[in-house]
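Morning, everyone. Please look at the structure on the screen while I talk. I'll take the chains in turn, then a few residues.

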Amino acid sequence: MKTLVIIPAYQEAKNLPRLFEELKEVPRDVDIVVINDCSTDNTEEVCRQYGVPVVSLPVNLGIGGAVQTGYKYALEHGYDIAVQMDGDGQHDPKFLKLVLSRIHEGYHMCVGSRFIENKGYQSSLSRRAGIKFFSWLIKLLTGQYISDPTSGFRACSRELIKLFANSYPKDYPEPETIVTALRNRYRIAEVPVIMRPRQSGESSITRNLAAYYMIKVTLAVIMAAIARRNGDGDK
Amino acid sequence: MNQISTVLRIILIIGSLGFFIFIMNMVRTKKLELKYALTWILTSLSFVLLSIFPEILYFIAAVMHIELPVNALYLCVIFLLLMIVFTLTVAVSRQALRIKTLVQEIGLLKETLERMKK
């Protein structure tokens, strides 16, 4: 199956080379595309050096818009599976095979979770509390427990590539898209992965934005849970 | 109930008529798109009507049990303003979505173009 790794990148020139090197080691044959979200550093040049296809957006769209571009790229080029990986080095390509295996087994989405084996970078206490809250909320709304709904390390099957290429949240998309997928009766699996603290740069969710993040995502998740289903029975 | 003075009435009629003409002219010269100007046209028309027939306000106040007609005026104005702001929010949301799609399309096209050049 044709597999694409989507790497949304904003100011990640320092982190990308290591990720590219690690991706070379992956035995499975995967293609890569970097979505350069209007970085002002030389993210684009770094990708060129490594011969990695790069889609450079002329305007900064934020993480959601960048990832959606990746899904559009995957749809356009006829990929069967798309895997999202952060450009900041948090996600270890070592686990790519494991994440992909669930899609091969017939799941529509597979999320790499930090909180199944609780190994590696576990994030701060307050962030873990926030993530726990979303796990609980998603369980309440959809009936399925997802231990790491904010994880951006995830693989999607062709059906979800189509869905996400069509519509994708603008910012903080991770928990919301899980609910959208479950709402449309797609099957989601989780596999344990070990994440690393980001190598350099800053997280998009700073302390001042935490309250805004919680409120916005809570609302988005509830809205996704009561949204109209798209393409019923099309599985 | 206090009646408004004739002078004030004339000033209000001239002012609201001027506002209406100004907006119609903006639409005529295509500086405002008719779609978004509709709420403004409606608003300015109601101002014209209210200044010519302030009795409308007395009537609204009486029907809704509002003690002072001036409060009925505030109610009308706030309602119209909310309507305008809401239509603007709808317009902004739609524009944002369209711009996002365009930006993504441009990015993808640029990538295709570069690959074809090679």
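In chain A, take the contacts with a separation of 6 or more; residues 24 or more positions apart account for 78% of them. Contact here means heavy atoms within 4.5 Å. In chain B, the share for residues at least 24 apart is 57%, again among contacts between residues at least 6 apart in sequence.

Some ground rules. This is a predicted model, where local features need pLDDT of at least 70 and side-chain atom pairs count only at pLDDT 80 or more, while totals for chains, interfaces and linings use all residues. Residues are numbered from 1 along each chain as its sequence is written, chains are lettered from A and ligands numbered from 1 in the order in which they are written, and side-chain values use heavy atoms, with hydrogens and water left out.

Now the build of chain A. It has eight helices and seven strands. Helices (H or I, at least four residues) and strands (E, at least two) are DSSP runs, numbered from the N terminus.

What is the radius of gyration of chain A? It is 17 Å, which agrees with the value near 18 Å that a compact globule of 235 residues would have. The radius is taken over C-alpha atoms, and the globule rule is 2.2 Å times the number of residues to the power 0.38. Along its principal axes, the C-alpha trace of chain A spans about 45 × 40 × 35 Å.

Of the 235 residues in chain A, 53% are buried. Buried means under 20% relative accessible area, exposed means over 50%, and partly exposed lies in between (1.4 Å probe, protein chains only). Chain A exposes about 10,600 Å², with 52% of that supplied by carbon and sulfur atoms. Those accessible areas come from the Shrake-Rupley method with a 1.4 Å probe; for residues, only the protein chains shown count as cover.

On to charge. Chain A carries 30 positive and 26 negative side chains, and the centres of the two sets lie 6 Å apart. Lys and Arg count as positive, Asp and Glu as negative; His and the chain ends are not counted. Each charge is placed at NZ of Lys, CZ of Arg, CG of Asp or CD of Glu.

Next, chain B. There are four helices and zero strands. Its radius of gyration is 23 Å, well over the 13 Å that the globule rule gives for 118 residues, so chain B is more spread out than a compact globule. The C-alpha trace of chain B spans about 80 × 30 × 15 Å along its principal axes.

Buried residues make up 24% of the 118 in chain B. Its accessible surface comes to about 8,700 Å², and 76% of that belongs to carbon and sulfur atoms. Chain B has 12 positive and 6 negative charges, with mean positions 9 Å apart.

Where do the chains meet? 12 residues of chain B are in contact with 17 residues of chain A. Together the two chains bury about 1,300 Å², 56% of it on carbon and sulfur atoms.

Now some single residues. A:Thr43 is in helix α2, residues 43-49. Buried or exposed? A:Thr43 counts as buried, because its relative accessibility is 0%. Leaving aside neighbours within four places in sequence, its contacts include A:Ala9, A:Leu16 and A:Asn36.

A:Arg187 is in the loop between α7 (174-183) and β7 (188-192). It is partly exposed, at 41%. Beyond four places in sequence, A:Arg187 is in contact with A:Gly106, A:Tyr107, A:His108 and A:Met109. Its C-alpha is 9.7 Å from that of A:Ile103, 84 residues away along the chain.

Last, backbone angles. Most residues other than glycine have a negative phi. A:Cys38 has a positive one, near 60°. A:Cys38 is found in the loop between β2 (31-36) and α2, and is partly exposed at 28%. B:His65 also has a positive phi, near 60°. B:His65 sits in the loop between α3 (55-63) and α4 (69-117) of chain B. With a relative accessible area of 73%, B:His65 is exposed.

How values were computed
Buried area is the accessible area (1.4 Å probe) that two parts lose on being put together, summed over both.
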